[in-house]
Amino acid sequence: MYRKFSRTARILQRDGIVTLLLSNGLLLLSAGISLLPLLWHILRVAASTPHTSHRHTLFVVFGHKLHRDTLSDDYRLRLERAHQLHTRHPEASFLIVGGTSAGNRFSEAAAGRDRLMAAGIPGNLIDTEDQSRHTLENLKNARACWDRYDTPPVLITNRYHLARTSTLARGMGLEHTLCAAEREMRCSPRLATQLLLEAYYLHWYWVGRYWSTLMRNRHSLSRIS
């Protein structure tokens, strides 16, 4: 069993490197033009997504990397939005996702749970998933919890992160709605950098998906679906 798992892990790692090289190659050949449609999509979703929600069964809060067990500004915004939604939907449940990164004692999920409980949300309304390391794993690991609820979950994250989160969820066949952490999108040099990085990640995702489909690579497709 261990050998089989190790072999699968090596295959997935190799596939990731191959698709990353293909993605970078396409960016170079197109002089970055292939990134523009994705950047426009990310901007459109970031600007148009509401910061409120009429669905009130399950809210999924995406974690963000901690720095020496301290919440980042982006993560605080996500949790503040969750708290505000709780005041409107006091019976709703929350699922906080995010594992433990190097240099931290606590997982992102645990830190987020503690923050929401300190803000007054009862612990029995909060579930956590603390094994995932990135957005794709967040979704894959959280998927098992979604079946217990009658309506699709509301995904809470920062505006720059909404489009990638939704794209990955749709790629996995997960019905959902989006809720922005920020009230509105405010332009800044930092936001521009984040948007470009998100476009780069989405570019890699789509190149990898098309390539894996073309090559009928079941291992790679299973990782993103």
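This is a predicted model: local features need pLDDT of at least 70, side-chain atom pairs count only at pLDDT 80 or more; totals for chains, interfaces and linings use all residues.
**Strand 2 and the strands beside it**

- Strand 1 covers residues 58-62, and it pairs with strand 2 in the parallel sense over five bridges.
- To get from strand 1 to strand 2, look at helix 3 (residues 73-88): together, strand 1, helix 3 and strand 2 make a right-handed β-α-β unit.
- Strand 2 also pairs with strand 3 (residues 126-129), again in the parallel sense, over four bridges.
- In this second pairing, Val 97 stands opposite Glu 129 of strand 3.
- Here the helix to look for is helix 4 (residues 108-118), which makes a right-handed β-α-β unit with strand 2 and strand 3.
- The loop between strand 2 and helix 4 is where you'll find Thr 100.
- Thr 100 has a relative accessible area of 47%, so it counts as partly exposed.
- If you want a sense of scale, Thr 100 and His 51 are 28 Å apart in space, C-alpha to C-alpha, and 49 residues apart in sequence.

**Where do the side chains of strand 2 point?**

- In a regular strand, side chains alternate between the two faces of the sheet.
- In strand 2, Ser 93, Leu 95 and Val 97 point one way, while Phe 94 and Ile 96 point the other way.
- Whichever way they point, these residues are all buried.
- That makes five of the five residues of strand 2 (residues 93-97) buried, so the strand is largely enclosed by the rest of the structure.

**Another strand pair**

- Strand 4 (residues 154-157) and strand 5 (residues 177-180) run parallel and are joined by four bridges.
- Within this pair, Ile 156 stands opposite Cys 179 of strand 5.
- Helix 6 (residues 159-171) makes a right-handed β-α-β unit with strand 4 and strand 5.

**Aromatic rings**

- A search of the whole structure turns up four aromatic pairs.
- Why does the pair of Phe 59 and Phe 94 count as stacked? The ring centres are 5.4 Å apart and the planes sit at 25°, so this pair is stacked.
- This pair links distant parts of the chain, since Phe 59 is in strand 1 and Phe 94 is in strand 2, 35 residues apart.
- Phe 59 and Phe 94 are both buried.
- Elsewhere, Tyr 205, Trp 206 and Tyr 210 form one aromatic cluster.

**Salt bridges**

- How many salt bridges does the structure hold? There are seven, and a few of them are described here.
- Glu 198 and Arg 164 meet through their side chains in a salt bridge, at 2.7 Å from N to O.
- Glu 198 lies in helix 7 and Arg 164 in helix 6, so this pair ties together parts that are 34 residues apart in sequence.
- Glu 198 has 4% relative accessibility, so it counts as buried, and Arg 164 also counts as buried, at 15%.
- Glu 137 forms a salt bridge with Arg 133, and their closest N and O atoms are 2.4 Å apart.
- Glu 137 is buried, with a relative accessible area of 17%, whereas Arg 133 counts as exposed, at 67% relative accessibility.
- Arg 113 and Asp 114 form a salt bridge too, with 3.3 Å between the closest N and O atoms.
- Arg 113 counts as partly exposed at 29% relative accessibility, and Asp 114 is partly exposed as well, with a relative accessible area of 42%.

**A nonpolar patch on the surface**

- Val 18, Leu 22, Trp 211, Leu 214 and Met 215 form a nonpolar patch on the surface, and together they have about 450 Å² of accessible area.
- Which elements give two or more residues to the nonpolar patch? They are helix 1 (2-29) and helix 7 (189-214).
- Val 18 is found in helix 1.
- With 34% relative accessibility, Val 18 counts as partly exposed.

Conventions. Residues are numbered from 1 along each chain as its sequence is written. Side-chain values use heavy atoms; hydrogens and water are left out. Patches are made of residues with over 30% relative accessible area and no salt bridge: like charges are joined within 9 Å, nonpolar side chains (Val, Leu, Ile, Met, Phe, Trp, Tyr) within 5 Å. Accessible areas come from the Shrake-Rupley method with a 1.4 Å probe; for residues, only the protein chains shown count as cover. A salt bridge is a side-chain nitrogen of Lys or Arg within 4 Å of a carboxyl oxygen of Asp or Glu. Buried means under 20% relative accessible area, exposed over 50%, partly exposed in between (1.4 Å probe, protein chains only). Two strands pair if DSSP finds at least two bridges between them. A crossover is right-handed if, with the strands pointing away from the viewer, the path from the first strand over the helix to the second runs clockwise. Rings of Phe, Tyr and Trp (its six-membered ring) pair if their centres lie within 6.5 Å; planes under 30 degrees apart count as stacked, over 60 as edge-to-face and the rest as tilted.
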